[in-house]
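Me: I have this one open in the viewer. Take me through the strands first, then the contacts.

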Amino acid sequence: MKSPVVLALSAILFVSTMAIAAELERTENTNAYIGRCKSMAVERVVDIRQKALLEPAQTSLRPVTFEVVAAPFDNAYITRLSRMVDNVNKIGFDAARGMYHYENVDAQRERLVDTDDLALTKLRTKADQLVGELLGAEAPRFVFANTETDYVLEKGQSVPAVSRKTYRYTREVNGRHIVDNTAFIRVSFSGKSVLSGFEIVNPVLKPVGAVNRLVKLSAADSRLADYALNKRTARRNKDEGDELVDVVRIKATYGTDTYLSRSIGGRKLILPNQSFYAEFMLDNGESINDWIHLCVDADQTPNLSDDMIENIAR
Amino acid sequence: MNLNRCLTSMVLWSSISASIAMATPPYMWYATHSVENYVGNGCGVLSGYHNLANSHEEADGFNTAIVNPVRSNLIVGRMFRYNRRDADATRARWLGDQAEINYVDFLFYSGHGTGFGPTLGCNATYTTDCRTDFRFRGIGYLKWVQASACLWFEAPQYANGVSEFSRWNASFAGVHTVQGHRAVSYEGSNPAAMSEEFWNRWVNLGESIYSAWRNAQISCVYENGAHPGLQPATMGANGTFATETYASAGDAAAPYGATWLGWATVGTPEYPPLP
């Protein structure tokens with residue numbers, strides 16, 4: 001039999017683990033995105049011809065799902081790439097991912113010489129230009145995503161030195177940004193701002209077809225609210241293991257149209273989403289940033305009411 | 001057994017070096033230590049070390065990646081020597097010159113971590129401190145240590161003011177590199193994918209061990225996991241060992257001591273509260 005103290009503690013623990021729904025806050029950027037979604041007729045959702053992957057006859061007025069197929073080896077392309085690097089022998093191709101790859105280890109052992117703000121601004125411009133050269137006609141499909149910075153600290157030093165700057169660009173398809181690592185280019189600079197590495201993953205995207213059952217884009221507002229209502233806890237980092245921390249407040253910073261990959265039936269597909277970048281304020285006083293992805297393919301999205309779904313495409 | 005392997009190693013090494021210009025490791029014996037059941041290893045509710053979900057899957061993924069003929073393509077003698085989980089991942093197996101972990105070439109650990117090494121558990125059987133406990137003996141076999149764990153190389157301000165090299169220097173008794181994180185780390189959504197990525201990059205794509213670890217972590221954990229940031233790190237006996245490629249990695253021990261630490265920063269990494 002449990003003692004009264006144990007029972008009281010159990011009651012306290014029970015109450016403390018009953019998380020309440022997170023409060024939702026939306027910024028002006030988020031409101032603007034949701035407003036655009038509300039005013040969109042389905043016919044205006046995607047300008048498929050803008051960066052055409054599909055012939056007009058193939059296009060639909062609905063967002064399109066694509067199958068991701070690893071890029072094949074292209075000898076002419078690798079020859080072109082080899083003209084842009086210092087060490088031709090370091091260029092390779094990873095067939096499993098369709099990735100063209102270059103890493104000059106010797107160059108990467110050098111520290112980046114110029115690291116002041118002006119130099120880094122120039123380096124970013126150089127990266128943009130290089131992406132144009134490496135990708136050629138494909139370059140306009142890629143947009144800047146993020147920066148990686150490498151540091152080296154040697155024994156006896158107190159301040160680390162920057163050894164490498166890497167710029168990553170990810171692909172847009174029909175106005176939607178693929179926000180995972182399905183398609184990207186990454187370029188690295190070391191030493192005297194020389195190109196010391198790159199990775200190019202630009203798969204073939206085969207149109208599977210327009211989304212058959214489309215979630216109404218105007219439903220983004222209520223779906224986001226539903227998400228906040230049901231988002232009681234967040235998983236923290238590995239240091240905190242399985243601990244789930246109560247989410248007190250969700251601040252949706254901005255919204256955007258995206259693609260995300262998913263393996264379905266043995267195929268890797270990219271599915272259209274409405275995505276919100278959000279700050280999750282936690283009960284322990286900390287906060288984490290994360291994406292909220294709302295898939296607009298109703299066939300891949302559970303728990304939707306009928307009034308949230310457009311009529312089946314014909 | 002150990003002597004046997006030394007002799008065989010020399011014979012095989014001679015034949016390999018005669019056939020290829022560059023060195024590759026003649027053997028790849030490996031061990032995994034993974035801890036999920038922290039409660040079982042003495043960590044109470046207030047310890048801050050909660051059970052983990054995917055440590056064993058990450059350890060399995062490490063093994064799977066090595067035996068995968070496509071992704072790692074190791075042509076050397078490989079052997080999964082020790083698979084220590086939960087209660088079997090003890091301090092004694094890590095302790096001193098004759099530690100069990102010293103009888104493999106590559107050690108993979110998955111679990112909690114601090115600036116002072118792995119957190120195997122919370123009582124005397126499991127508590128470790130890299131300053132006093134570890135002697136990663138490259139002269140034995142151990143040349144590479146890799147940790148999917150938080151904070152091993154965190155900045156001094158998070159580690160009671162003790163610098164990274166002061167903490168880890170004594171552990172470097174011939175080991176080439178010790179890899180981990182400078183900030184908080186996360187479990188990848190696909191626990192097996194990270195090791196596949198690492199081995200493919202190191203062995204097949206010619207990346208340095210530093211880059212292979214950094215890129216595998218960023219690709220499989222950060223970019224596919226929607227985590228706020230990451231700082232994969234490598235400490236090396238020196239810069240040459242820290243950036244060795246698989247093709248240039250031999251069986252020889254590195255000089256004692258650690259002199260080189262490198263890490264990448266992507267996104268906004270998380271750190272523990274300052275003490």
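Reply: A convention before the strands: two strands pair if DSSP finds at least two bridges between them. The strands are DSSP runs of E with at least two residues, the helices are runs of H or I with at least four, and both are numbered from the N terminus. Residues are numbered from 1 along each chain as its sequence is written, while chains are lettered from A and ligands numbered from 1 in the order in which they are written. This is a predicted model, in which local features need pLDDT of at least 70 and side-chain atom pairs count only at pLDDT 80 or more, while totals for chains, interfaces and linings use all residues.

Me: OK. How many helices and strands in chain A?

Reply: Chain A has 14 strands and six helices.

Me: How many bridges join S6(A) to S7?

Reply: Two, between S6(A) and strand S7 (residues 176–178) of chain A, and the strands run antiparallel. A:Val173 is placed opposite A:Arg176 of S7(A). The two strands make a hairpin with two residues between them, and A:Asn174 in that turn has a positive phi of about 50 degrees.

Me: What else pairs with S6(A)? Start with S5(A).

Reply: Ten bridges pair S5(A) with S6(A) in the antiparallel sense. A:Phe144 has A:Tyr169 in S6(A) as its bridge partner. This hairpin has six residues between the strands, with A:Gly156 in the turn at a positive phi of about 95 degrees. S6(A) is also joined to S8(A), antiparallel, by six bridges. Within S8(A), A:Val187 is the residue opposite A:Tyr167.

Me: How many residues of S6 are buried?

Reply: Ten of the 13 residues in strand S6 (residues 161–173) of chain A are buried, and the strand is mostly covered. Buried here is a count: 20 or more other C-beta atoms within 10 Å of the residue's own, against 12 or fewer for exposed and partly exposed in between, with C-beta atoms placed from the backbone. Over chain A, buried residues make up 35% of the 314 residues.

Me: Why is S9 of chain A described as largely enclosed?

Reply: Strand S9 (residues 194–201) of chain A has seven of its eight residues buried, so it is largely enclosed by the rest of the structure.

Me: Which strands does S9(A) pair with?

Reply: S9(A) runs antiparallel to strand S8 (residues 184–190) of chain A, with seven bridges, and antiparallel to strand S4 (residues 99–103) of chain A, with five. A:Val201 in S9(A) is the bridge partner of A:Phe184, and A:Met99 also stands opposite A:Val201. The hairpin of S8(A) and S9(A) has three residues between the strands, and A:Gly191 takes a positive phi near 55 degrees there.

Me: Changing topic. Which domains does chain A have?

Reply: The assignment gives domain 1 (19–66 + 210–308) and domain 2 (71–202); such bounds come from an automatic or database domain assignment. Their contact takes 18 residues from domain 1 and twelve from domain 2 of chain A, where contact means C-beta atoms, placed from the backbone, within 7 Å. On the domain 1 side, S12(A) gives the largest share, six residues. That side divides into ten nonpolar, five polar and three charged residues. Nonpolar covers Ala, Val, Leu, Ile, Met, Phe, Trp, Tyr, Cys and Pro; charged covers Asp, Glu, Lys and Arg; the others, Gly among them, are polar.

Me: And the chain A to chain B contact: how many residues?

Reply: 32 residues of chain A are in contact with 40 residues of chain B. S5(A) gives the largest share of the chain A side, eight residues. By class, the side of chain A that touches chain B has 15 charged, ten polar and seven nonpolar residues.

Me: Which strand of chain B is joined to S5(A)?

Reply: Strand S12 (residues 260–267) of chain B, through seven bridges and antiparallel. A:Leu153 has B:Leu261 as its bridge partner in S12(B).

Me: What are the confidence scores?

Reply: ipTM is 0.90 and pTM is 0.84. Chain B averages a pLDDT of 87, with 88% of the residues at 70 or above; pLDDT is the predictor's confidence in each residue, from 0 to 100. Residues 1–21 of chain B have pLDDT below 50, and beyond near neighbours in sequence this stretch has eleven contacts in the model. Where pLDDT is low, the predicted coordinates should not be read in detail.

Methods:
Contact = placed C-beta atoms within 7 Å.
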